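Here's a quick briefing to read with the model open in your viewer.

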Amino acid sequence: MAALLRGVRAGRALRGLSSVVAAPTATTPQCSSLSRGFHRAAPRLQDDFKSDKPPPSSSSTTFHEHYQAHSAEQDNTATASHEGAAAEQASRPNTSYQDQSGEQGEEYETEEQLQARILTAALEFVPLHGWSMEAIASGAETLGLSSASTGMFNNGAGDLVLHFITQCNSQLTEILAEQHKQVQLGQAEPKATADFLRDAVETRLRMYIPYIESWPQAMSILLLPHNIPDSLKHLSTLVDDIWYYAGDRSTDMNWYTKRAALTGIYNTTELVMLQDSSPDFEDTWNFLDNRIQDVVNMASTAKQVQSTGEAVVQGLMGAAFTLKNLTGLNQRR
Amino acid sequence: MSASMRLLVRRAIRLSDTNIQISAAARAAARAAARSSSCRCFSDAAEDRSTHFGFETVPETEKAKRVYKVFENVAQRYDIMNDAMSLGIHRVWKDMLLHAMHPQPGVRLLDVAGGTGDISFRFLEYVRSQQERQRRRAARSMQTPSWQDISNNYSTEDEDGPLESRAVVCDINKEMLKVGKQKADSMGISTGLSWVVGDAEELPFDDDQFDIYTIAFGIRNVTHIDQALREALRVLKPGGRFMCLEFSKVTNPVLARLYDAYSFQMIPVLGEVIAGDWKSYQYLVESIRKFPDQEEFTGMIEDAGFYCVQYRNLTGGVVALHSGFKL
């Protein structure tokens, strides 16, 4: 049963590779020889599985190395198709690894992964075509898929923009986590909150610089009614992540006020960035500095007001008590 | 346990199905294996196997012939009957198919059971108007071109050739294709369109040829639907899209009653009055009832090896638009 499972998994990995072979259609006789080579590889693998071998978690890596060794052998037989296969292999390394994760979930993961890869490839065509289906079609074509596969994206350009935003957010989280680790290890100084916020927002907004020409179009796509829930969700997770890594652990009203403040700062800075024409967006970063200072000032002012208020109330209470004493109301008869 | 074994067997079959793409030798064997696994008793004589022709049961070999005769008879009045029976709504359905397709310029379409060419004409119109719009947008953004831009334009005009979209109409019935060709001539469409006689179960094309495969109101007439689906998978390029427009089960019970009454009472009468053929239209209406419903057909498409299979009900389930991708 286990051997059957492993065999099926190997077969599925094969399918990932065999569909790689099917893509270059020009040289069919060479393709078929390559594919026959793959079919031969499968029984060889099965033998490997039966002998004492490393645990299944690394079986995909063994297969991957095996494939690379195998493809080196095939160099003599099929040069053109091998180059195509190697290029495809570089762009599809995930498929064989993902097959480990279990039968039920496997295909859905591969579909979404494929969609993610198409969208990532489409990003490089955005300066040319804008945030549109043409960019996605060009991206699909670089992966060797027909442009008809853009039909998978029901939301069209919205999918592309949301994918880009998700990618930027995860990049930012990685950077912040890395910095946090540095601080934990004592290799870096912890930054003041205002500086931390400023750096985080700047890093995040800098990711838009390559697409700044077409970013207004992307923002308008995000404001479409059916995209608003998703874009708000991404914005809120972004702000939450930044505050978390800034060290905020508040559990009261502060949680909401802090995130609201940062959301306001982020949105306004983004809008300023769209119209900024100064070298390296200096004006934008100055604007960001000022807004963060405003918020910090407001926070300290709020505290002052609160303490002043308390002091005033205490004073009034004291005055009332004294009056009561003077008029004799406090005396006990 | 048995459920997981069944799942594994299903995956193994799909594996054997996808390997069809690679080696021609394995194709016949795989198809035989898949056919035997679909729980049909595999007898030597093909005449022993029977299938439905409307509400009749006929041997499989006979069904293809009888379907051919049906469409041979109705070919001349096919379009008029379509308009009469569906009150013109079939045009909306076909337009919605095109909008869901949203073809990019430069794609190749295979319209199977295309007959009179409705889908292909719409496809060519859509792509050409899109190209027009793109050219107009490009022209608008280049109101004052420099000499460099103008010389670039001259060099890129030759490249427009390969970007030309092409549609191939394939039908098993020569009469329907004849009618379609006449329509094309009268509409003045000549470039980018070809007419091929072929059987959906055995397409006369190489592997990985087409970006989009459509079959509109044709797949219920095919004797072996799974074979047609596998052929569709074969001729599509990787990333290609399979789209099927077909009559399906109406979900709303009130609408279902009305629809049934209309189909069985009105349509054969219309057929007799307009086309002079009651029996063909009786067959047409009965074949709709014999076709699997939306979910079952989605399962069949997935079994053939397509991914991201979805369907959309049009007109409350009277027509369903199924779409799948070869990934």
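Predicted model: local features only at pLDDT ≥ 70, side-chain atom pairs only at ≥ 80, totals over all residues.

Residues are numbered from 1 along each chain as its sequence is written, chains are lettered from A and ligands numbered from 1 in the order in which they are written, and side-chain values use heavy atoms, with hydrogens and water left out. In short, chain A has the largest nonpolar core, with 56 residues, and the structure as a whole holds 26 salt bridges and zero disulfides.

**The nonpolar core**

- The largest nonpolar core has 56 residues, and those with the most contacts inside it are Ile118(A), Trp131(A), Leu160(A), Tyr208(A) and Ile242(A). A core here is a set of buried Ala, Val, Leu, Ile, Met, Phe, Trp, Tyr and Cys residues joined through side-chain atoms within 4.5 Å.
- Which helices of chain A each supply at least two residues of this core? They are α6 (103-123), α8 (133-142), α9 (157-184), α10 (193-206), α11 (215-222), α12 (228-246), α13 and α14 (282-327). Helices (H or I, at least four residues) and strands (E, at least two) are DSSP runs, numbered from the N terminus.
- The largest share of the core, nine residues, comes from α9(A).
- Domain 1 (111-154) and domain 2 (157-313) of chain A both give residues to the core, so it lies between them. The domain bounds come from an automatic or database domain assignment.
- As background, nonpolar side chains in soluble globular proteins tend to be buried together.

**Salt bridges in chain A**

- Over all chains there are 26 salt bridges, each one a side-chain nitrogen of Lys or Arg within 4 Å of a carboxyl oxygen of Asp or Glu.
- Glu202(A) pairs with Arg206(A), with the closest N and O atoms 3.1 Å apart. The two are separated by about one helical turn because they sit four residues apart in helix α10 of chain A.
- Is Glu202(A) buried or exposed? Glu202(A) counts as buried at 14% relative accessibility, while Arg206(A) is partly exposed at 29%. For those words, buried means under 20% relative accessible area, exposed over 50%, and partly exposed in between (1.4 Å probe, protein chains only).
- Arg259(A) and Asp240(A) meet in a salt bridge of 2.9 Å, N to O. Arg259(A) is in helix α13 and Asp240(A) in helix α12 of chain A, so this pair ties together parts that are 19 residues apart in sequence.
- In that pair, Arg259(A) is buried, with a relative accessible area of 9%, and Asp240(A) is partly exposed at 29% relative accessibility.
- Asp294(A) and Arg291(A) also form a salt bridge, their closest N and O atoms being 2.9 Å apart. They lie three residues apart in helix α14 of chain A, which puts about one helical turn between them.

**A nonpolar patch on chain A**

- Met253(A), Trp255(A) and Tyr256(A) make a nonpolar surface patch of about 360 Å². Patches are made of residues with over 30% relative accessible area and no salt bridge, with like charges joined within 9 Å and nonpolar side chains (Val, Leu, Ile, Met, Phe, Trp, Tyr) within 5 Å. Areas come from the Shrake-Rupley method with a 1.4 Å probe, and for residues only the protein chains shown count as cover.
- Met253(A) belongs to helix α13 (residues 253-274) of chain A and is exposed, with a relative accessible area of 60%.

**Spots to check in chain B**

- The structure has zero disulfides over all chains, a disulfide being a pair of cysteine sulfur atoms within 2.5 Å.
- Among the cysteines, Cys244(B) is buried at 0% relative accessibility, and Cys308(B) is buried at 16%.
- Cys308(B) lies in strand β8 of chain B, and its phi is near 50°, a positive value in a residue other than glycine.
- His102(B) has a positive phi too, near 45°. His102(B) sits in the loop between α5 (89-101) and β3 (108-112) of chain B and is partly exposed at 23% relative accessibility.
- For context, most residues other than glycine have a negative phi.
- Leu314(B) is in strand β8 (residues 307-314) of chain B and is buried, with a relative accessible area of 3%. The C-alpha atoms of Leu314(B) and Met96(B) are separated by 8.8 Å, although the two are 218 residues apart along the chain.
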